[in-house]
Amino acid sequence: MKPSLPQGTRDFAADTLRRRRYIIETIKNVFELYGFEPLETPSMENLETLMGKYGEEGDKLIFKILNNGLDNPAKKESALLNFEHILAGKNNKQITERALRYDLTIPFARYMAMNSGKLTIPFKRYQIQPVWRADRPQKGRYREFMQCDADIAGTYSLISDIELAEIYIDVFKRLKIEVDVKLNNRKILYALAEVTGSVDNINALTIAIDKLDKIGIKKVKEELASAGFSENNISLIEKYITIDGTNSEKLEKIEAIVGKTESGKKGIKELQFMLDYLNNSLSEDSKQTINIDFTLARGLNYYTGTIYEVKAKNVQMGSIGGGGRYDDLTGLFGVPDMPGVGISFGLDRIYDVMEELNLFPENINQPTEVLFFNLGEKESKHAFKLMQEMRHNNISCELFYENSKLDKQFKYASRKNIAHVVIIGSKEMEEENCVVKDLAKGEQKSIPENELLKYFNKLSLRF
RNA sequence: GUGGUUGUAGCUCAGUUGGUUAGAGCAUCAGAUUGUGAUUCUGAGGGUCGUGGGUUCGAGCCCCAUCAUCCACCCCA
């Protein structure tokens, strides 16, 4: 059998993994700075936990797990019958009742619903785990990818929404990625639907305007027309989506369009509140990265208030983060009145962006620091003891396993990017010293054995 | 889910309108030299041409299917 990987999945070798961990650590550190606590949930959920939460398209992209025991001959007939339901596009518990998680928000909601009595409310959790989607892979899109989520559940306070925006800014500043953090509010989108009499058709409306920066105003209008919007409404929508200026100018202009409806008023007020806080706390630089964008819609249909989306500048890539406020997430699981707000970082896309823009620090790899050469039986035994002493003092070392020719041992060191080699041959053993060579500089010196540890400690190779 | 691209040695690729034993560079391994490495020289191994069918006297090349890849759409991180 020829080994291969399932579509859209990847192995990660050391170099990649170290860089991924660098990003994860950065995100994790910021999450913890803001008081979030870690949580992990199983890779699979009951199918009914996930179905219907991500819209029709989303349901199709959920990886479903086939039940065991379907090959039981005694149940063949009912299995065939049940499979008919699957073919008809319906789910059937007898065939599949579990699925791989599609995101981290719904599992979190499920967890909240199951533990609402025990948790300290508001509950702030972060979760960094892979998710799976049965999408066709393409640039920046994988079937297995890592999400890094932070959610706050149990408060309507917009301070939590504001904190999440700050987290986006902090993380990307630390990673040195220039970003555009887009902000909108679902209530404003809803208000637009109201004033254009398309509340029932809000999905078509949001999908169309969300595409503005991709397909342009003309095509958006065409799409609206074919979705049945009247000319009057289309020109109103055009006014809406072409609003420009500074953030506060945008808020002023939107007033004229949706300011008369209840939800419009509310949405504007909420955004205004957030902006006031952000303008007060952010540095001048960071203020520029926050941008109100009324065309931002986001597909997930459980959002009800603030919505976020982050795009990297100077690179062609889908959004590298997104999130929003949902005022009733656990309601679906029988626990009412549990509002929340959350954001997600797309690790894999962040990685791709950093790779493309060359943003990873040089010294991110922490290979072995010292390689002890193997120059024979007695010599290696002696070297081994010295090496263990170094290891116990947190210096990562290796001893070459075979007594091979020196050039082979040198090659191993340079291929593994090991900075120093220690050579102990019979001469050195007699004289109780060793030769330390810096491979990058090509310099070497003789050091007494008992000063070896001190020597490397001084170099303080770790960062 | 729809459409297209690509798949030849460990890696990057070449391979004429179908025509004998499928090539190169790099890498690998062995040997030649030095108790001190990215140099040089010599030699070697390694491919059921993604997989399975078909057309043909003959297929790496043509046809079909399938798997994977990259990309666009849909949607999304």
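Tutor: Let's start with surface patches: they are made of residues with over 30% relative accessible area and no salt bridge, like charges being joined within 9 Å and nonpolar side chains (Val, Leu, Ile, Met, Phe, Trp, Tyr) within 5 Å. This model is predicted, so local features need pLDDT of at least 70 and side-chain atom pairs pLDDT 80 or more, while totals for chains, interfaces and linings use all residues. Residues are numbered from 1 along each chain as its sequence is written, and side-chain values use heavy atoms, without hydrogens or water.

Student: Which residues make a nonpolar surface patch here?

Tutor: Ile159, Phe273 and Tyr277 make one of about 250 Å². Areas come from the Shrake-Rupley method with a 1.4 Å probe, and for residues only the protein chains shown count as cover. A salt bridge is a side-chain nitrogen of Lys or Arg within 4 Å of a carboxyl oxygen of Asp or Glu.

Student: Why does Phe273 count as partly exposed?

Tutor: Buried means under 20% relative accessible area, exposed over 50%, and partly exposed in between. Phe273 counts as partly exposed because its relative accessibility is 34%.

Student: And Thr206, is that buried or exposed?

Tutor: Thr206 is buried, at 8% relative accessible area. Beyond its neighbours within four places in sequence, Thr206 is in contact (heavy atoms within 4.5 Å) with Leu189 and Ala297.

Student: How do I read a nonpolar core?

Tutor: It is a set of buried Ala, Val, Leu, Ile, Met, Phe, Trp, Tyr and Cys residues joined through side-chain atoms within 4.5 Å. The largest one has 95 residues, and Ile167, Phe172, Tyr240, Phe345 and Ile350 touch the most other members. A second, separate core of 17 residues includes Cys397 and Phe456.

Technical notes: Chains lettered and ligands numbered in written order. Buried < 20%, exposed > 50% of the residue type's maximum accessible area, 1.4 Å probe, protein only.
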